[in-house]
Structure formats: C-alpha cells, structure tokens
Amino acid sequence: MDYKSIYEKAYELMDVQLIDGDCGKLCNHHCCRTYDGEEKMGIYLMPYEYESMLRNSEFSENLKVERHTSFEYDIPHNIGYVHYIYCEDEFGCFRHLRPIQCRTYPFEPHMEKGKLYLIIEKDQIHNCPLIDKMDQWREEFIRRIYLGWKELIKIKKVRLMVEFDSKQRYDSNNIKIKLSESDILI
Ligand code: SF4
Ligand code: SF4
C-alpha cells in the first residue's frame with residue numbers, strides 16, 4: 001500500500017482552519033503547549049505518518065522523536081509502535097508539516113460497527129474555547145477533516161488505532177458530540 005500518497009492526500013484535505021482567522025489567539029495556542037505543569041508534553045503520530053511525511057524533513061531535523069512500543073505504552077499489540085514528537089517553541093511550527101493530530105483537533109476520529117464518525121470528547125486537556133461555539137466553525141473544516149480520516153483509515157494500522165481509541169472512549173462514556181457522515185456530507 002502506498003502510505004505516502006494516502007498521507008499526502010490527507011494532509012492536503014486537512015490543511016484547513018477551524019474558524020476564520022487564527023483561533024490560537026483566543027487561547028494562547030493552548031493545544032500547542034509543550035508543558036503540562038512540570039511534565040513535558042508531546043504529540044502522537046499515526047502509524048506510518050513519520051515514515052511517510054516527516055522523516056528527513058525540516059520538522060524532524062529540529063524536533064525530538066521517540067518510538068513508543070506497545071510493551072511500554074497503551075498501544076495495541078497489533079500496531080507495535082508509534083512515534084511521539086516534541087514541539088519546541090524555539091523552532092516555531094512547521095505548519096505545512098504539522099501532524100494529523102494537530103489538524104484534526106478538536107475532533108477525534110471514532111468508529112462504531114465499521115462506520116466512521118467525528119467526535120468531540122468530554123474530557124478535554126486543552127479546554128478549547130471553541131468547543132461550545134460550534135456555530136462559528138467552518139463547514140469546510142468539518143467536511144475536509146472527515147474526508148481526510150476517510151482516506152487515513154484505508155491504512156490498516158491507522159484503522160486499528162482508531163478502533164482501539166474508539167472502544168476506550170465508548171466504554172468510558174467519553175463522547176460529548178458525535179457527527180456521522182450524513183451529518184457532515186449533506
Ligand atoms: S485550543 Fe482550540 S481555539 Fe485554541 S488553538 Fe487549539 S483549536 Fe484553536
Ligand atoms: S506541530 Fe505546530 S500545530 Fe502542532 S502542536 Fe506543534 S506547534 Fe502546535
């Protein structure tokens with residue numbers, strides 16, 4: 001499977017703003033912050049994202065990249081490992097290369113009975129001020145993020161990861177808003 005083509009298509013689809021203007025000005029870029037108290041924070045990449053888009057790029061040259069395995073972290077065994085990266089304020093954001101996690105937030109992909117949804121979780125570490133103002137969100141953002149995930153779940157390990165997270169979310173009743181394909185692609 002040509003993972004790189006799928007990621008390139010998803011990056012292009014998901015290169016879209018949540019609202020008109022820079023929403024980071026509303027919250028001092030809270031979802032980009034690099035520390036949670038004393039603890040240094042990073043971002044998980046999706047399976048094959050590093051190899052397809054970020055390895056040997058200006059992004060990875062400047063940032064610390066770790067490999068987290070399923071033996072040490074809460075990652076499904078059939079995925080094996082995923083990459084975890086740390087943004088550093090001093091290098092700024094390589095916005096055209098920002099990872100899927102940054103593009104999709106505050107939506108998460110969610111799967112139930114083989115169907116893909118976009119959801120907003122109840123537990124939010126970022127307290128995004130726009131979550132209760134969905135009327136301000138651009139329809140294009142919602143549509144393109146959904147279409148991007150539709151591409152990405154063609155990759156088996158991405159799909160397994162989404163299904164794994166979805167089950168945990170479903171079991172812990174951690175869904176605040178859930179949009180189906182028919183809600184989004186009207
Ligand atoms: S927390 Fe919300 S408002 Fe703030 S930068 Fe992230 S998406 Fe934008
Ligand atoms: S890659 Fe850019 S958008 Fe993503 S967390 Fe880092 S600074 Fe923020």
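Biologist: Which residues are the closest around ligand 1, and how many surround it?

Modeller: A residue is near a molecule if its C-beta atom, placed from the backbone, lies within 6 Å of it. Here 14 residues surround ligand 1, and the closest are Cys23, Gly24, Cys27, Cys31 and Cys128. This is a predicted model, in which local features need pLDDT of at least 70 and side-chain atom pairs count only at pLDDT 80 or more, while totals for chains, interfaces and linings use all residues. Residues are numbered from 1 along each chain as its sequence is written, and chains are lettered from A and ligands numbered from 1 in the order in which they are written.

Biologist: How does the shell around ligand 1 divide by class?

Modeller: Ala, Val, Leu, Ile, Met, Phe, Trp, Tyr, Cys and Pro count as nonpolar, Asp, Glu, Lys and Arg as charged, and the others, Gly among them, as polar. The ligand 1 shell has 10 nonpolar, four polar and no charged residues.

Biologist: Which residues are around ligand 2?

Modeller: They are Cys32, Ile43, Cys87, Cys93, Arg98 and Cys102. Five are nonpolar, none polar and one charged.

Biologist: Is Ser57 buried, exposed or partly exposed, and why?

Modeller: A residue is buried if 20 or more other C-beta atoms lie within 10 Å of its own, exposed if 12 or fewer, and partly exposed in between, with C-beta atoms placed from the backbone. Ser57 is partly exposed because 14 other C-beta atoms lie within 10 Å. The C-alpha atoms of Ser57 and Leu179 are separated by 34 Å, and these residues are 122 apart along the chain.
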